[in-house]
Amino acid sequence: MSHLHIAVLEGDGIGPEVTASAVRVLKAVEALSDDLDFDFEHISVGAGEYLKSGNPLPAQALDRMRACDAILLGAMGLPHVRWPNGTEMAPQVEIREVLDLYQGIRPVRLYRPSLTPLKGRQPDDIDFVLFRENTEGLFWERKCSHDPRADAVENAMRVTRHGTERIVRAAFEAALRRRRKVSLVDKANVLPAMAFFRAVFDEVAESYPQVETERLYVDATALYLVQQPERFDVLVTENMFGDILSDLAAGIVGGMGMAPSADIGDTYAVFQPAHGTAPDIAGKGIANPLATILSAAMMLDWLDHGAAGHAIRDAVEGALRDPACRTADIGGGVTGLEMTDAVIGKL
């Protein structure tokens, strides 16, 4: 029996709603399994925690996360809760940095043809995964302050050999388990840091002669994601580019409610939907829980319970076969609770 201690960070906005759905699905998997036993520990982190205690990420919360086997996160941040430099509080980014979760993994899969705005696309046409370097790049100076009266403010893009090598290697290892193709996404024609990123990529690629490679500029990649999504298997890129492209990719499979993600390091891992807190719909019961449920499936994969993760993905696919089983964001009228019930029913 695998006893798994899971930290649940509900966060803000719709975060508590979607994490509750994912926990319900995990409990349903547990009830059907002979070797899974979950212990869920709820930890308060986020803008709401800041309003209560003055710290969106208390040190004791981090300590408790480190003691868990994995971390399931809802969504964090509220538009009106900001640091003095004007940026929104984003403890989820700080967690990545503190726990060294350098792999930002965003799988993109089309579950039903009706969910994509791309004409004539079938599920097999859109099935790829984006690897985003998670700890440096343009996010490197995110905590810097600036004089609001200044005439100019600069942010540096930091690209290190160590940081690039490990994310590129992770992408190639993933490609070996998939269709053996890696697409590098950069802006090496303009930015010296990106030329360095490409040079390190080329060095790592020599160790994977069995994997096909291509090198694309980020602007061209945005075009190809819409025009030729079937060309992609594994993409690897810098932090900010990955942040932007993963949202575009979500748009071609149904939107952010269909976009799971994982932030993985060598020791710790966080699993969360790629969407934000959506405070405008919080508490209305209409938030799409599927991105969080699919993130929970990724968590099971990482915990070496891939069969259970696969069962969740199959259940999501089965629930979506019913055209009436859609939350508002994907063209339907069911509640998040009803969507969750449908997935559990398919389990």
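**Close-up views of two helix pairs**

**View 1. Packing of helix α1 against helix α11.** In this predicted model, helix α1 (residues 15–32) packs with helix α11 (residues 336–346) at an angle of about 20 degrees, and their axes lie 10 Å apart. Angles under 35 degrees count as roughly parallel, and α1 is therefore roughly parallel to α11. The crossing of these two helices, α1 and α11, is right-handed.

**View 2. Residues in the contact of α1 with α11.** On the α1 side, the residues are Ser-21, Arg-24, Val-25 and Ala-28. They meet Gly-336, Leu-337, Thr-340, Asp-341, Val-343 and Ile-344 of α11. Sorted by class, the contact of α1 with α11 comprises five nonpolar, three polar and two charged residues.

**View 3. Packing of helix α7 against helix α8.** Helix α7 (residues 218–227) and helix α8 (residues 239–251) pack with their axes 10 Å apart, at an angle of about 15 degrees. This angle makes α7 roughly parallel to α8. Where α7 passes α8, the crossing is right-handed.

**View 4. Residues in the contact of α7 with α8.** Helix α7 contributes Val-218, Thr-221, Ala-222, Leu-225 and Val-226 to the contact. Helix α8 contributes Phe-241, Leu-245 and Leu-248. By class, the contact of α7 with α8 has seven nonpolar residues, one polar residue and no charged residues.

Technical notes: Residues are numbered from 1 along each chain as its sequence is written. This is a predicted model: local features need pLDDT of at least 70, side-chain atom pairs count only at pLDDT 80 or more; totals for chains, interfaces and linings use all residues. Side-chain values use heavy atoms; hydrogens and water are left out. Axes are lines fitted to C-alpha atoms, for helices over the stretch in contact, and angles run from 0 to 180 degrees between N-to-C directions. Helices (H or I, at least four residues) and strands (E, at least two) are DSSP runs, numbered from the N terminus. Angles under 35 degrees count as roughly parallel, over 145 as roughly antiparallel, 65 to 115 as roughly perpendicular and the rest as oblique. A crossing is left-handed if the near helix is turned anticlockwise from the far one by less than a right angle, and right-handed if clockwise. Contact means heavy atoms within 4.5 Å. Ala, Val, Leu, Ile, Met, Phe, Trp, Tyr, Cys and Pro count as nonpolar, Asp, Glu, Lys and Arg as charged, and the others, Gly among them, as polar.
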